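Thanks, everyone. Let's take a quick look at a new structure and its charged pairs. Here it is on the screen.

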Amino acid sequence: IVVILTTSTSPNPRDWRAITLSSFTSLSLDPHPLITFNVKTPSACATAMHARNRFIVHAMLPTTRAADFAARFSLPYVPGQDWKYAVRPNSVEQPLAYIHLDNLPALWEEVMFRLYCTPERTIPVQDHEIWVAKI
């Protein structure tokens, strides 16, 4: 399953961040549902996650378009990049995301389900951070 995380420090699409997670798993269900994942640092998305303390985890459908999203968000952030719109061949720009709860960007296409999360703990390990989050 492909998993993409989105967050933002503001509703402005230039502040939106996304990352394809290479590791994602459930950690606990009781007393609260917890998930865990790793992020390579430094990371513009991790910086925004620390600043915001809220993010959305998207489990993507098994489609070619979802794989395209995963490839797109596995690349490093380019300052000034605005990914609110995705250009499709022979088409006009199509909205890729919209502002959802708490002014967070949510992918609207090719999504199986979304988890709205708050971080519980981050653990630095070499050039990565291990994140534990409450759903």
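Which residue forms a salt bridge with aspartate 127? Lysine 40 does, and the closest N and O atoms are 3.5 Å apart. This pair links distant parts of the chain. Aspartate 127 sits in the loop between β10 (111–125) and β11 (128–134). Lysine 40 is in strand β4, residues 34–40. Aspartate 127 is partly exposed, at 34% relative accessible area.

A word on the source: this is a predicted model. Searching the whole structure gives 4 salt bridges. I'll walk you through two others.

Next, glutamate 109. Its salt-bridge partner is arginine 65, with the closest N and O atoms 2.4 Å apart. Where do they lie? Glutamate 109 is in the loop between β9 (105–107) and β10, while arginine 65 is in helix α2, residues 64–72. So this pair ties together parts that are 44 residues apart in sequence. Is glutamate 109 buried or exposed? Buried, because its relative accessible area is 10%, and the cut-off is under 20%.

Now lysine 134 and glutamate 120. Their side chains meet in a salt bridge, 3.8 Å from N to O. Here both partners are in strands: lysine 134 in β11, glutamate 120 in β10. The pair therefore ties together parts that are 14 residues apart in sequence. Lysine 134 counts as partly exposed, at 26% relative accessibility. Glutamate 120 is partly exposed too, with a relative accessible area of 45%.

To recap the links: aspartate 127 pairs with lysine 40, glutamate 109 with arginine 65, and lysine 134 with glutamate 120. Thank you.

Terms used: Residues numbered from 1 in each chain as written. Predicted model: local features only at pLDDT ≥ 70, side-chain atom pairs only at ≥ 80, totals over all residues. Heavy atoms only, no water. Helix = DSSP H or I, 4+ residues; strand = E, 2+ residues; numbered from the N terminus. Buried < 20%, exposed > 50% of the residue type's maximum accessible area, 1.4 Å probe, protein only.
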